[in-house]
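Hello,

Here is the structure I promised to pass on. Could you have a look at it alongside my notes below?

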Amino acid sequence: MSNEPTNSTQNDKYVPPKVWVQDKESGGKFASINSPTSGARYDKELPVGDAPLQLYSLNTPNGVKVNILLEELAEIGISDAAYDAYKIDISQGEQFGSGFVAINPNSKIPALVDHSAGEPIALFESGAILMYLAEKFDKFLPLATGKARADCLSWIMWQMGSAPFLGGGFGHFYAYAPEPLEYPINRYTMETKRQLDVLDTHLKDHTYLCGNDESDYNIADMIVWSWYGQLALGKLYDAAEFLQVEDYKHLQRWAKRIAERPAVKRAVELELKPIN
C-alpha cells in the first residue's frame, strides 16, 4: 500500500512552467475579457456632453469615489464642477474601445476629462481624479501644509495601497474565482480583516478619518468609504457575515454616518448614460 496521501494539494496539481503563456481562459467572472496585453481592441469614440467635466465610469467602488466628490461639489453649489456621466460597461469590454484607451491607457474605470480651460485634460486613477478636483475647486482637501494635509494624504495612499488586497485579492477569490480555494481565501480574508481593524481602531477616537469636526470630512473619507464603508455595510461581495463586519463598531458608525449624506446617496445610485 502506498504511503502517499490520498488528498492532493493545489501544489500537487499545478507546477508553474518556466515561461508563462496564456493558452486558455483563466476562469472566473471576467475571464472572457482578461488579457496580458494593453491597448485598444476596437474603434469606439466616446460621447462628449456640454458640461465642463466628462466622466466615463461605472458604479463600482472605484467609480463611486469620483461620484461622491462630484455630488458633494454640487451639494455646495460649485457650478463649474457640473459633469456628464457615461457608463463604461467593463463586463462587455467597453474599457478597451479606442476612445477610452486614449484617455486611460490602463483601460480601467474611472476616467475623467476636464474641458473647462483650453486643451482638454484627461485623468485616470480614482485617487488622482479626486486630488485634481479637490485642488481645482479648493474643497474637501486640507491646506498644502500641516498635519491635516499629511493625515489626508496618508489615508488616501493607505487606501490606494490596501484596496487591491480587498478587491483583487479577497473579492476575487471569495466571489469571482471559478472555484473556492482555501489558501487564497484565508490569506486575503486575514488581510482584509486586519485592514478593517486598522480603520476601526483609528475611528474609535475620530468622527472622520482626519478629525472630529464636520469640516474634517474630506476626500480621504470618500475614497476609503467607497471600499471599506460599503463593505462594512454589507454592500460588497455578499461577505458581511463571513467577515463579521458588525464587530467593527467604530467603523460601522463612520460608515453609516457617511452613507446618510445626501451627496453620497446620489453618488451610489448615480445614473450613467450609455456610450452607444
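Let me begin with rings: those of Phe, Tyr and Trp (for Trp, its six-membered ring) count as a pair if their centres lie within 6.5 Å, and the pair is stacked with planes under 30 degrees apart, edge-to-face over 60, and tilted for the rest. By this rule there are twelve aromatic pairs. Phe170 and Tyr237 are both buried, meaning under 20% relative accessible area, where over 50% is exposed and in between is partly exposed (1.4 Å probe, protein chains only). Ring pairs also join Phe170, Tyr174, Tyr176, Tyr237 and Phe242 into a cluster.

Some notes on the source: this is a predicted model, with local features needing pLDDT of at least 70 and side-chain atom pairs pLDDT 80 or more, while totals for chains, interfaces and linings use all residues. Residues are numbered from 1 along each chain as its sequence is written, and side-chain values use heavy atoms, leaving out hydrogens and water.

Now the sheet. Helices (H or I, at least four residues) and strands (E, at least two) are DSSP runs numbered from the N terminus, and two strands pair if DSSP finds at least two bridges between them. Five strands make an open sheet with mixed pairing, in the order β4-β3-β1-β2-β5. β4 (121-124) and β5 (273-274) are the edge strands, each with a single partner, so one side of each has no neighbour in the sheet. β3 (residues 111-114) and β4 run antiparallel, joined by four bridges, and Val113 stands opposite Ala122 in β4.

What about the core? A nonpolar core is a set of buried Ala, Val, Leu, Ile, Met, Phe, Trp, Tyr and Cys residues joined through side-chain atoms within 4.5 Å. The largest has 60 residues, and Leu112, Leu199, Leu209, Ile219, Trp225, Tyr228 and Trp254 touch the most other members. Helix α7 (residues 219-232) gives the largest share of this core, ten residues. Apart from it lies another core of eleven residues, including Tyr86 and Phe100.

Finally, Arg41 lies over the face of Phe96, 3.6 Å from the ring centre; the rule is NZ of Lys or CZ of Arg within 6 Å of the ring centre and within 35 degrees of the ring normal.

Best wishes
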